[in-house]
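Let's walk through this one together, starting with the overall layout and then moving on to the aromatic rings. Keep the viewer open as you read.

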Amino acid sequence: MATYVVAGSGTTATALIGNPRRSSSSASHSSSQPALHFPQNRSYRRQTSRTFSPIYASVSASPAPVTKPDDLVGTILSKVTQTDRGVLLTRDEHKSVAEVAQELQRFCVDEPVKCPLIFGEWDVVYCSNPTSPGGGYRSAFGRLFFKTNEMIQVVEAPDIIKNKVSFSLFGFLDGEVSLKGKLNVLDEKWIQVVFEPPELKVGGLDFQYGGESEVKLEITYIDEKIRLGKGSRGSLFVFQRRKP
């Protein structure tokens with residue numbers, strides 16, 4: 001009979017096989033039973049100790065930068081310059097101009113209609129609705145024939161407003177449309193202007209046509225450089241003071 005001895009340590013075991021030996025006694029027959037010896041196999045658990053070092057984070061809340069009116073004025077002028085007074089802007093770009101104008105409104109004086117800065121000569125550099133200033137001359141159809149050269153508004157003390165749109169007809173014939181109106185103060189921000197019939201000059205022709213008209217405008221911001229206005233139908237205007 002074979003005797004098997006299994007020796008092991010840890011997780012590795014080796015089997016040792018011995019050759020069998022027989023007894024020749026006739027009186028008795030003894031047989032040895034195979035003995036299996038299993039050494040105590042102890043399982044050792046490796047304990048791993050992990051040490052965590054605390055991490056300290058210091059967060060300092062910085063106050064949001066305060067935007068100055070001069071910065072906003074520069075921003076809005078950069079957005080409307082060389083855009084044909086807003087005609088070339090996309091819808092998102094118009095929205096961006098309106099957002100800056102909304103921010104500037106926070107810095108407006110309390111009673112802008114009484115501010116002496118409203119007087120002077122102004123260039124109309126932007127309108128959210130291209131047909132608001134200039135009427136049909138600034139419509140999509142009108143711009144095919146009339147190229148706008150200048151759009152000027154003059155506010156004279158105490159209550160006179162003059163609008164002038166100069167254009168080039170078919171690229172070679174110069175002309176202009178002008179309106180003269182009377183300014184009426186409605187409250188601390190709103191004004192009303194009643195215009196006489198427009199006057200058209202083209203080449204050697206000079207005549208009036210149409211009838212009276214009126215507009216209402218809210219002054220939302222004014223300083224030495226620009227003036228912002230919003231019409232009764234929501235059109236946004238940006239006026240830039242003309243250099244002497």
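Predicted model: local features only at pLDDT ≥ 70, side-chain atom pairs only at ≥ 80, totals over all residues.

Starting at the N terminus, the order is β-β-α-α-β-β-β-β-β-β-β-β-β-β. The chain has 244 residues, and 30% of them count as buried. If you look at contacts between residues at least 6 apart in sequence, 51% of them join residues at least 24 apart.

Now turn to the rings. Searching the whole structure gives four aromatic pairs. One of them is formed by phenylalanine 146 and phenylalanine 167, in an edge-to-face arrangement with 4.9 Å centre to centre and 85° between the planes. Phenylalanine 146 belongs to strand β4 (residues 146–156) and phenylalanine 167 to strand β5 (residues 160–169), so this pair ties together parts that are 21 residues apart in sequence. With a relative accessible area of 2%, phenylalanine 167 is buried.

Phenylalanine 207 and tyrosine 209 make a pair too: their ring centres are 6.4 Å apart and the planes meet at 55°, so the pair is tilted. Here phenylalanine 207 is partly exposed, at 39% relative accessible area, and tyrosine 209 is also partly exposed, at 31%.

Finally, have a look at arginine 227. Its charged end sits over the ring of tryptophan 122, 4.9 Å from the ring centre. The charged end of arginine 227 also sits over the ring of phenylalanine 239, this time 4.1 Å from the centre.

How values were computed:
Residues numbered from 1 in each chain as written. Heavy atoms only, no water. Helix = DSSP H or I, 4+ residues; strand = E, 2+ residues; numbered from the N terminus. Buried < 20%, exposed > 50% of the residue type's maximum accessible area, 1.4 Å probe, protein only. Contact = heavy atoms within 4.5 Å. Phe/Tyr/Trp six-rings, centres within 6.5 Å; stacked < 30°, edge-to-face > 60°. Lys NZ or Arg CZ within 6 Å of the ring centre and 35° of its normal.
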